[in-house]
Amino acid sequence: MHWNHPSRFTRILTGLLALALALPVLFAADPVVNILETGSSLLYPLFNLWVPVYRRQHSNVRITTQSTGSGTGISQSIAGLAQIGASDAYLSNAMEKMHSNMLNIPLAISMQMVNYNLPGLNYRHLKLSGPVLAGIYTGSIRYWNDARIRSLNPGVKLPHHVIIPVHRTDGSGDTFIFTQYLSFSTPSWANQTSYGTSVSWPAVSGGLGAEGNPGMVTAIKDNPYAIAYIGTSFENAIRRDRMGIALLKNRAGNFLLPSARTADAAAAVMVPKTPRDERISLIFAPGRMSYPIINYEYAIVNRQQGSAQTAAALRQLFGWAISRSGGNAPSFMRRVHFVPLPAPVVKLSQAQIAEIQ
Amino acid sequence: MKFRHLIAVLASVVALALLAIVVFLAVYSWPAIRMNGAGFLRRNTWNLGNLYSDPILRHGREVMPGASYGILFLIAGTLLSTLIAVILAIPVGVGAAIFLAEAVPAGMRSWISFFVEMLAAIPSVVFGLWGYVVVIPFLGHHLYPWMAHHLKFIPFFAGHSGSGYGLLTAGLVLCLMIVPLITATLRDALVTQLATQRDASLALGASRFETLWSVLLPGARRVLIGSSILATGRALGETMAVLMISGNALNYLPRNIYSPISTMASFIVSQLDSALQDPTGIAVRSLAEVALVLCVISVVVNGAARLLIYYHGRWSARMA
């Protein structure tokens, strides 16, 4: 390149340099707080609805969201790599003892569906129970027309085809609540496999592992005769792909679909039992109309943030997120098929949010 | 400092890095090695235990109740998928190298060679994505059911043809990833062999095929073995592509060639986050033990192949 006016070029360059030097000063006047949210693929769609709306009101906060699985959310939040670890599971007693700075703050209530791809039968809601699902995931129920599935679904012509049970391979809150449902309803599952964000899945020939809720959706869509557990924030995808949604047997013996009504019923029973640190399982709640797999969606947060600004930004964000006029507004909740936090839980969460310093 | 000293320092940094990694893995995984014992290599259990109950004491160490670690299924998945990949890749790679060195007009040779080498440059995650989106639906819904029906007389080809995720798919995609390694090196070896040897062979009345088979290929045998080792090493350690297409089997051995598997490298990636949930830390240390085993297997495979080249060289020298 040939410059005819080197003096002008120099002037432009000096100007740019001056601007570059001035930039940090300009921004220092209005510091931007960066917040990284990572974890639960179930909470991810909700955060993505929240962030653009929240940013319009709070331009000084920049929130990045990632769908990595609850396991990653928990470990990155503990390690201080992320400010918010989104998780469908609360920390275990042993973890809480080791990392006593970590708060478990419920942001909403979620449900989990059991979905299947049974060609020709997906429009029907099959009835399934904890023991039958445990049978499928241990391999003792191999075929869709097994007598134990048939007896729950009289009149449905089930195919003689091998069931493909799909489980999550990443550390997952969905695995946590699904295996809790199996553990609480089926003693043999509780003894052999128990529950956790990742469990030692019994070897089932042909069984598949999938990454994240999106991976689960793809896995059952691509594999006829597969069955999977998927968070309700993916209900729209499930309906679009025309996959089946099961009626699950609750503690009272009724078969129910996940819905705001059945989740509310279960929450109503469990909310009074919620302790101050809010670590409690809502799975397999008593009550005639209680859907058996609901859970608090947690933000795993360190109560000792590095800077006061970050702490203030987090308190403000969470305060907004759990309020009925903010993030828990029906307009948000309905789109991801979540249920707003009941008022007593909002109080408990507010008390925990105030501890972030 | 002389240049010679400078490069000596640089070279020793590389060697020390390897040593440091192995020592780190051994030291870090030592508590797991002691707890898991020799059964680690023989058992088919990867069980973090009940993470939501309290740790118990076992042999003076805190562990989660029910925790048990065994990786036979990972070793099997890793070795079998690599074996399939290498078995398929050698004939394809050799054929392609011969074609490029001998059959393609000189003007086009560099172009086609360029494309083969570009195949080696594609990041593995791209192979994984392609395998996930394109290969698996085709194999799972069309080819595997057909194979399971028509090739059921071959051991391990009969039985449930699965969903497309699994051993053979991993082997096929790994094969595609390592073919260019073999082809590119072998082609160079064939092309650069002395033109006089070729001319002499042709002058003696040998056909082109005889020249290739009896003169050129034997001369390139060491290169073939060497590049196959490199290819094996890559297949053993491949992570992302295998993670996306292997079906991530847990705790069982493949029943047939279509069965889901897991490999050691992909397992480390997929299980690290779960392992971090173990407050006793044994899970992460057991993953480090998996990495150590993978290192040892790679070193053994490399060493065995080097011995092969060494003895092959001595044997050829004696024959000559």
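Predicted model: local features only at pLDDT ≥ 70, side-chain atom pairs only at ≥ 80, totals over all residues.
Visitor: How do strands pair in a sheet, and what is the strand order in the open sheet of chain A?

Guide: Strands of a sheet pair through backbone hydrogen bonds, either parallel or antiparallel. In chain A, 3 strands make an open sheet, ordered 5-10-11, with mixed pairing. Strand 5 (127–128) and strand 11 (255–256) of chain A are the edges; each has a single partner strand, so one side of each lacks a neighbour in the sheet.

Visitor: How many bridges join strand 5 to strand 10 of chain A?

Guide: Strand 5 of chain A is joined to strand 10 (residues 247–249) of chain A by 2 bridges, and the two run parallel. Look for A:Leu128, which stands opposite A:Leu248 of strand 10.

Visitor: Which residues have the most contacts inside the largest nonpolar core?

Guide: In soluble globular proteins, nonpolar side chains tend to be buried together. Here the largest nonpolar core holds 181 residues, and A:Val166 and B:Ile178 have the most contacts inside it. Helix 5 (residues 167–192) of chain B gives the largest share of this core, 16 residues. Leaving aside residues up to four places away in sequence, B:Ile178 touches B:Ala85, B:Ala89, B:Ala231, B:Arg234 and B:Ala235.

Visitor: How is chain A divided into domains?

Guide: Domain 1 of chain A covers 33–108 + 296–353, and domain 2 covers 112–273. Their centres, taken over C-alpha atoms, are 27 Å apart. The contact takes 20 residues from domain 1 of chain A and 21 from domain 2 of chain A.

Visitor: What classes of residue make up the domain 1 side of chain A that touches domain 2?

Guide: That side has 10 nonpolar, 9 polar and 1 charged residues.

Methods: Residues numbered from 1 in each chain as written. Chains lettered and ligands numbered in written order. Pairing = 2+ DSSP bridges. Helix = DSSP H or I, 4+ residues; strand = E, 2+ residues; numbered from the N terminus. Core = buried A, V, L, I, M, F, W, Y, C linked by C-beta atoms within 7 Å. Buried ≥ 20, exposed ≤ 12 C-beta atoms within 10 Å, placed from the backbone. Contact = placed C-beta atoms within 7 Å. Domains from an automatic or database assignment. Nonpolar A, V, L, I, M, F, W, Y, C, P; charged D, E, K, R; others polar.
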